[in-house]
Amino acid sequence: MSIRSKIITASAVIGVFQGIVLIGSVLLYAAQVTDRPIWEVSQILALFPGFSIASVLAPIVFASFVISVLLLIGYIHYVFLSPIDRYKIAAEKVKGGDIGDLVETDDDDELSVMVRSYVDAIKRLKTSYDQLSGSLHGQYAVLGHDAEILRLLVDHLPLGVFLQKEPDFEIMRMNERAAQLIGKNTLMRSGISSFCKLDSSPYPFEELPNVVVQKTKILETRSDIYFRYPDMRMAAFRMTSVPVLDANNRLLYVISTLLDITDMKEVEREKSDFVSLASHQLRTPISIINWYVELLNAPEDMEHLTEDQRGFITQIKESSARMSKLIDTLLNASRIELGTFKSEGTMFDIVQVADIAIRDTMALAHTKHQTIEKSYDLNTPLIYGEPKLGQVVMQNLLSNAVKYTGDGGLIKVGIESHEEDKSAHVYVEDNGIGIPDDESSRIFSRFYRATNARDVDSSGSGLGLSIVRSLLEKAGGKITFKKIETGGTRFDIILPFTCKNI
Amino acid sequence: MMEQQTIPTVLIVEDETPLRKALARKLSASGFEIREARDGEEGLQLALRDHPDLILLDIIMPVMDGLTMLKKMRVDEWGKNAKVIILTNLSDESASQQSLENGAVDFLVKAAWTMDDVLQRVRAVLSRTAQ
């Protein structure tokens, strides 16, 4: 029964009693006012003669009033309060998280319907929640599994990997291999590079690939770096770093890999050594060919040769010269591949070194009828450094001067001692083909050969000056050159009395 | 054995026979008395026995290499002042450095020098001695 019908029913019942109250009150009042017996006022009541209507009516009215009040209270409790209490208890239960046994009601009054709807809604919510919860657990399990696989993958990679995150690029993560290769402590301290170069000089922190990428965001930077383990073993790594950028080109992460290339470097070194050895060995048969050709060319023997035969001999000579040059190139290249020369500091005399270099080029200079003038300050102190440095520098400059100067040319070699900058100033000047202005900035670049040099000698390697410059700079010296107005070039070298970076 | 004053003696210490023979022939044709040795040991013996005016010395040789022979020779009274020109195909600078330290007058790379160049150098060194 709906609340509305309940209210109507109750109202009707109460109304009946209130009606009695009302009629009775009117009758009593009328009797009082008219001072006539009640039975006169109400003809209906004549049916009950002999009774004092007043004495019966008053209690009836009073009783009706009381009953209707009680009914009202009872009704309110029954229709409203009791159910509300029940639902309040249920609500408390739900609030407490217990939606297990909710109060059910079959009543179809508005309140019950409303409550039943809410209960249903809550039950549905609970079901959904349970489902969601279950499915989420499932997802976590899968994700967890994936994460586990990923972690396994990264940890077992035969490659060291580590990640740095902005803003301060501290190392957030490193895999097992990276930790093994270089130890957890090494990389973790920023600002310090525990790596070194092939010659054991420290590898500057700012030049490490991961730091370079941090500063420049260049895609993929790699470098070969070396690491000395506590037991003095040297290992070689290739470090490659890549940036991870967001949509606005902002640097988020730097990811780096470390590949152990110690074995590879060893193989490279062996190859280099092999090339060196083979090249040296090849010089013996070349020497033999040269000298026997020379014997054939001896004036007393030459008369017995035909024109053709003399031509043949020339061919042999030239071919031998080509072989010789090739071997020199191979030797140079294999030395360069090693990246460095042995670091041994000793005292050497730059004057003597210059003289030896001059003698070495004397053969060619002689053929070209060139003159080499020397101007030495014999008080130049001995140089402390790698003797190889002096030799390579002088040999290179002299051989270039002789090569790129024509017949009858003049080459000047000077050595001066300068106390004010504690170094020897050496110059090599020629009146040869010179260096074209537009190419002068590039002549120290590896493999670069000026166009006019190429015309004179197509087979040069282009490595000489780059080696000379890097050796000099490493030792704390310097090389410059200038064009001679009348033709030719002058190279000036500053060689410190005490070389650095031995 | 007495040194021959008029005809200078040159000792060639070289393990590569063709090279040694060619050089011997060239120098002999230019008026020198030649002695030949095939390794450092033989070279040392001959040097100390015959006291040549000049020694042309190869570095890489079997039995005893050039540098070892040079060092051993320097210990000898005569050997201290013997004139030595190193002839080699090594471009290893440490070898050249060491030989110069041990008193070699010069260091020539065979593949780069003609025998004429060697001859000139021999004459130059010997004429200096004569003065």
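**Where the two chains meet, and what lies behind**

Helices here are DSSP runs of H or I with at least four residues, strands are runs of E with at least two, and both are numbered from the N terminus. Axes are lines fitted to C-alpha atoms, for helices over the stretch in contact, and angles between N-to-C directions run from 0 to 180 degrees.

The crossing of α8(A) past α1(B) is left-handed, that is, the near helix is turned anticlockwise from the far one by less than a right angle, whereas clockwise would be right-handed. From α8(A), the contact is made by Ser287(A), Ile288(A), Trp291(A), Tyr292(A) and Leu295(A), and from α1(B) by Pro18(B), Leu19(B), Ala22(B), Arg25(B) and Lys26(B). Contact means that the C-beta atoms of two residues, placed from the backbone, lie within 7 Å. Sorted by class, this contact of α8(A) with α1(B) has seven nonpolar, one polar and two charged residues. Ala, Val, Leu, Ile, Met, Phe, Trp, Tyr, Cys and Pro count as nonpolar, Asp, Glu, Lys and Arg as charged, and the others, Gly among them, as polar.

Before going on, a word on the source: this is a predicted model, in which local features need pLDDT of at least 70 and side-chain atom pairs count only at pLDDT 80 or more, while totals for chains, interfaces and linings use all residues. Residues are numbered from 1 along each chain as its sequence is written, and chains are lettered from A and ligands numbered from 1 in the order in which they are written.

Now step back to the whole contact, which takes 19 residues from chain A and 20 residues from chain B. On the side of chain B that touches chain A, α1, α4 (93-101) and α5 (115-130) each supply at least two residues. The largest share, five residues, comes from α1(B).

Within chain B, the axes of helix α2 (residues 40-50) and helix α3 (residues 66-75) come within 9 Å and cross at roughly 25°. The pair α2(B) and α3(B) is therefore roughly parallel, and the crossing is right-handed.

Chain A also holds an open sheet of five strands with mixed pairing, in the order β7-β9-β10-β12-β11; strands pair if DSSP finds at least two bridges between them. Its edges are β7 (371-376) and β11 (478-483) of chain A, each with a single partner strand, so one side of each has no neighbour in the sheet. Inside it, β9 (residues 410-418) and β10 (residues 423-430) of chain A run antiparallel and are joined by eight bridges, and Ile415(A) stands opposite Val426(A) in β10(A). Helix α11 (residues 350-367) of chain A packs on the sheet, touching β7, β9, β10 and β12 (489-496) of chain A.

How confident is the predictor? The complex has an ipTM of 0.89 and a pTM of 0.45. For chain B the mean pLDDT (the predictor's confidence in each residue, from 0 to 100) is 87, and chain A averages 80.

Notes
Angles under 35 degrees count as roughly parallel, over 145 as roughly antiparallel, 65 to 115 as roughly perpendicular and the rest as oblique.
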